[in-house]
Amino acid sequence: MTYKVIEKLNENQLNHLLALFKNEWWTKNRQAIDIKKMLENSNVVIGLIHEETDELIGFARVITDTVYRAFIFDVIAKEEYRNSGIGKILMDSILSHPLVRDVDRVELYCPDRLVSYYEKWGFSTDVNGSNLMRKK
């Protein structure tokens, strides 16, 4: 399989992203208009495009101040491409991106079942006693 990494999605790829989001529990209720706004406000957007079909098969994004903090969101691979290295390509692309690679703390949150996956890149659940909090 050949693919290309892109940092900006066209309208067709935006539709592919919406379809990817509809298949995941944490993104299934997102709407196209909100996704466009989200992309405009993300510092780093990484898409993986299947070169033969021009289909978006992987996606991730980052919000960062480029110095102290970067937060990775929405790392997702199309279901039929999972376990083929897509996630590794996404993570490597993010962590080597000029707006992320020198940031003091790069963070993400994930379900328990994916902790060991992200540990491969040096992520840890030991966050100096910090807790994730969410405004209700």
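Visitor: What makes the five strands an open sheet, and in what order do they stand?

Guide: In this predicted model, five strands form an open sheet with the order 1-2-3-4-5 and mixed pairing. Strand 1 (3-6) and strand 5 (105-107) are at the edges with a single partner strand each, so one side of each has no neighbour in the sheet. Strands here are DSSP runs of E with at least two residues, and helices are runs of H or I with at least four, numbered from the N terminus.

Visitor: How do you know that strand 1 and strand 2 pair?

Guide: Two strands pair if DSSP finds at least two bridges between them. Strand 1 and strand 2 (residues 44-50) have four bridges, in the antiparallel sense, and therefore they count as paired. Histidine 50 in strand 2 is the bridge partner of tyrosine 3.

Visitor: Why is serine 42 called buried?

Guide: Buried means under 20% relative accessible area, computed with a 1.4 Å probe on protein chains only. Serine 42, in the loop between helix 2 (32-40) and strand 2, has 9%, so the term applies.

Visitor: What makes the link between serine 42 and arginine 61 a polar contact?

Guide: A polar contact is a pair of N or O atoms within 3.5 Å; within protein, one must be able to donate a hydrogen and the other to accept it, and residues adjacent in sequence count only if both atoms are side-chain atoms. The side chains of serine 42 and arginine 61 are joined at 3.2 Å, which means that the distance lies within the cut-off.

Visitor: On what do these values rest?

Guide: Local features need pLDDT of at least 70, and side-chain atom pairs count only at pLDDT 80 or more, while totals for chains, interfaces and linings use all residues. Residues are numbered from 1 along each chain as its sequence is written, and side-chain values use heavy atoms, without hydrogens and water.

Technical notes
Buried < 20%, exposed > 50% of the residue type's maximum accessible area, 1.4 Å probe, protein only.
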